[in-house]
Amino acid sequence: MARPREFDEERVVGAAMETFWRHGYEGTSTRDLCDSTGLGPSSLYNTFGGKRQLYLRALQHYYDTSTAEQVAVLRGPGPAKERLRAMMLLAVDGESDVRDEHGCFAINAAVEVAGADPEVRAAVRRTFDRVEDELCEVVEAGRRAGEIRSTGDARTVARRVQSTYYGLRVLGRVHDDRDVLIATVDGALADL
């Protein structure tokens, strides 16, 4: 089956990402991907090379969209702690295109697939590294402004913030008391 005339690769990869997000890598069949993308099995394989390659493309799509949203918040205006808080609130309240009931796509990939697949591990690591780099810049700016007094290496402080952020992404899946999550955010920021 040939590709549809109005083939929109970004839409197809986004639909595949949603399917992987909803069912996990192992729980997603080729039929599921065909149903969600509108491609036939041969078009899916001819265009993307198979399920695994499409999963890698979905991870890239996540990086380009959700990770970019996190970076935009961290690069936004305002004091460093306000930007850190705004990013953490993404974990509490959800991002614009995240299906909160399915958690964070990168975390899900890290837990489900990255341990057994070096390319998936590298893709997830790229996402985590990008957020860490941006957090490090915010921490350094906060130190220069006198807002952040935590001692030690800025990267270590950034990793602590990042660990809190990813922990909130996981806790938010099972903890429905927003006040508890906000208290976690506020406590983490107070320790800076």
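Guide: Let us begin with a term: a residue is called buried under 20% relative accessible area, exposed over 50%, and partly exposed in between, using a 1.4 Å probe and protein chains only. Tyr55 has a relative accessibility of 1%, so Tyr55 counts as buried. This is a predicted model, in which local features need pLDDT of at least 70 and side-chain atom pairs count only at pLDDT 80 or more, while totals for chains, interfaces and linings use all residues. Residues are numbered from 1 along each chain as its sequence is written, and side-chain values use heavy atoms, with hydrogens and water left out.

Visitor: What makes up the protein, in terms of helices and strands?

Guide: The protein has 9 helices and 0 strands. Both kinds of element are DSSP runs, numbered from the N terminus: helices are H or I with at least four residues, strands E with at least two. Along its principal axes, the C-alpha trace spans about 60 × 30 × 30 Å. Of the 192 residues, 46% count as buried.

Visitor: Which residues touch the most other members of the largest nonpolar core?

Guide: A nonpolar core is a set of buried Ala, Val, Leu, Ile, Met, Phe, Trp, Tyr and Cys residues joined through side-chain atoms within 4.5 Å. The largest one here holds 55 residues, and Phe20, Tyr55, Leu84, Phe105 and Val120 touch the most other members. Helix α5 (residues 80-93) gives the most to this core, with 8 residues.

Visitor: What does Leu84 touch?

Guide: Contact means heavy atoms within 4.5 Å. Not counting residues up to four places away in sequence, Leu84 touches Leu74, Leu135, Val138, Ile148, Val161, Leu189 and Leu192. For the protein as a whole, among contacts between residues at least 6 apart in sequence, 67% join residues at least 24 apart.

Visitor: Why is the pair of Phe20 and Tyr55 called edge-to-face?

Guide: Rings of Phe, Tyr and Trp (its six-membered ring) pair if their centres lie within 6.5 Å; planes under 30 degrees apart count as stacked, over 60 as edge-to-face and the rest as tilted. By this rule there are 9 aromatic pairs. Phe20 and Tyr55 lie 4.9 Å centre to centre with 80° between the planes, and the pair is edge-to-face. Phe20 belongs to helix α1 and Tyr55 to helix α4, so the pair ties together parts that are 35 residues apart in sequence. Phe20 is at 2% relative accessibility and therefore counts as buried.

Visitor: Which residues do ring pairs link into a cluster?

Guide: The cluster consists of Phe20, Trp21, Tyr25, Tyr55, Tyr62 and Phe105.

Visitor: How do you know that Lys51 lies over the face of Tyr25?

Guide: A charge sits over a ring if NZ of Lys or CZ of Arg is within 6 Å of the ring centre and within 35 degrees of the ring normal. Lys51 lies over the face of Tyr25 at 4.4 Å from the ring centre. Arg126 lies over the face of Tyr63, at 3.7 Å from the ring centre.

Visitor: Are Thr127 and Asp129 buried or partly exposed?

Guide: Thr127 has a relative accessible area of 4%, so Thr127 is buried. Asp129 has 27%, and is therefore partly exposed. Beyond residues up to four places away in sequence, Thr127 touches Tyr62, Tyr63, Thr67, Ala106 and Tyr166.

Visitor: Why are the buried residues of α2 said to be on the same side?

Guide: In helix α2 (residues 30-37), Leu33, Cys34 and Thr37 are buried. They cover an arc of only 100° around the axis, which puts them on the same side of α2. The arc is that of the directions from the helix axis to the C-beta atoms. Their cover includes α1 (9-27), α3 (41-48) and α4 (51-74).
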